[in-house]
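Please examine the model displayed here before reading the report.

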Amino acid sequence: MKRALLPLLLVSMALPALAQDYAEVSLADPRKEEQALTLMDSIRCVVCQGQPISGSNADLAGDMRRLIRERIAAGDDPEDVRAMLIGKYGDWVSFQPQFKTETMPLWLVPLFALFAGVILVARRLKRKGKRWVGSSH
Amino acid sequence: MKRKLILWVPFGLCAALFIAFFIGLKNPADHVIASKMVGQPLPEFDAAPGIPGQPGAATRDFKDGKPRLLNIFASWCVPCVQEIPMLIRLKDAGAEIDGLAVHDTTPDLQAFLARNGNPYTRIGLDSAGKAQIAFGSAGVPETFVVDGQGKIIYQHIGVVTEEDMPKLMAMLGARP
């Protein structure tokens with residue numbers, strides 16, 4: 001009897017969660033809510049544009065938050081949800097630049113600058129070292 | 001001499017960067033977000049009827065060989081009122097227009113259509129914005145042209161005006 005009641009109990013616990021609007025209400029699982037929030041912070045509100053959807057009052061931003069929480073609650077990977085939104089609205093909807101041919105300079109220029117800096121400093125130090133050696137004589 | 005000139009290069013680069021930032025600050029970006037769904041098959045959606053006596057809007061209605069419009073609108077949207085006469089003219093020319101009412105209610109829709117006229121063959125309620133996101137639509141009004149095979153071929157962002165009529169008529173195969 002007890003065993004038969006358990007599923008019923010679980011369903012009745014889940015019911016209030018179903019009635020909640022995920023645009024404004026957190027997911028019950030804190031780990032999933034964390035994933036959802038991180039994603040929301042990096043998705044641009046397409047109405048107000050300067051804001052992420054996590055901090056926007058626009059209806060459409062609420063719709064996107066709901067969609068994100070629903071998909072993550074269903075077990076989707078946050079990056080898949082981001083890719084889905086980029087597929088609808090383009091790269092601009094994501095505050096996080098993607099790694100692809102057009103964005104290559106964005107990722108490579110800092111590396112290149114660091115590399116060039118190291119070479120410059122190394123050469124300078126070498127020359128200075130030689131001078132010191134020279135002056136000691 | 002050459003070495004001295006090279007020393008100025010980082011300074012010059014920094015100055016150029018700051019000028020670019022300054023110009024960017026003076027001209028804030030105002031992007032029109034075009035849907036990436038243009039050229040793609042219609043997303044799956046099935047929106048419940050918005051008003052009694054008229055069917056809702058769904059993907060399956062767009063595959064009968066006839067191009068048609070999907071107009072994303074709302075009764076609370078002020079510029080949407082402005083384009084209704086254009087949509088009515090398109091309808092009178094033989095075009096079929098399905099409407100998707102975003103964040104709307106049946107009484108509000110009924111009042112809106114009674115006041116402005118009803119150019120729609122079907123009206124679906126998209127109360128949670130799900131279909132709107134599936135279309136990659138960033139606001140109201142927006143109008144999509146869907147060919148007879150269920151592929152989105154064009155997106156018009158904003159109010160449909162007189163200047164847009166010839167293009168839309170041509171795409172829909174309608175005669176003014």
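This is a predicted model: local features need pLDDT of at least 70, side-chain atom pairs count only at pLDDT 80 or more; totals for chains, interfaces and linings use all residues.

Residues are numbered from 1 along each chain as its sequence is written, and chains are lettered from A and ligands numbered from 1 in the order in which they are written.

Chain A contains five helices and zero strands, where helices (H or I, at least four residues) and strands (E, at least two) are DSSP runs numbered from the N terminus. Along the sequence, the pattern of chain A is α-α-α-α-α. Of its 137 residues, 20% are buried; this term requires 20 or more other C-beta atoms within 10 Å of the residue's own, while exposed means 12 or fewer and partly exposed lies in between, with C-beta atoms placed from the backbone.

A:Cys48 is found in the loop between two helices of chain A, which are listed here.

| Helix | Residues |
|---|---|
| H2 of chain A | 30-41 |
| H3 of chain A | 59-73 |

Because A:Cys48 has 15 C-beta neighbours inside 10 Å, it counts as partly exposed. Beyond its neighbours within four places in sequence, A:Cys48 is in contact with A:Ser56 and A:Ala58; contact means that the C-beta atoms, placed from the backbone, lie within 7 Å. The C-alpha atoms of A:Cys48 and A:Ala61 are 9.0 Å apart, and 13 residues separate the two along the chain.

Between the chains, 14 residues of chain B are in contact with 14 residues of chain A.

Methods:
Two residues are in contact if their C-beta atoms, placed from the backbone, lie within 7 Å.
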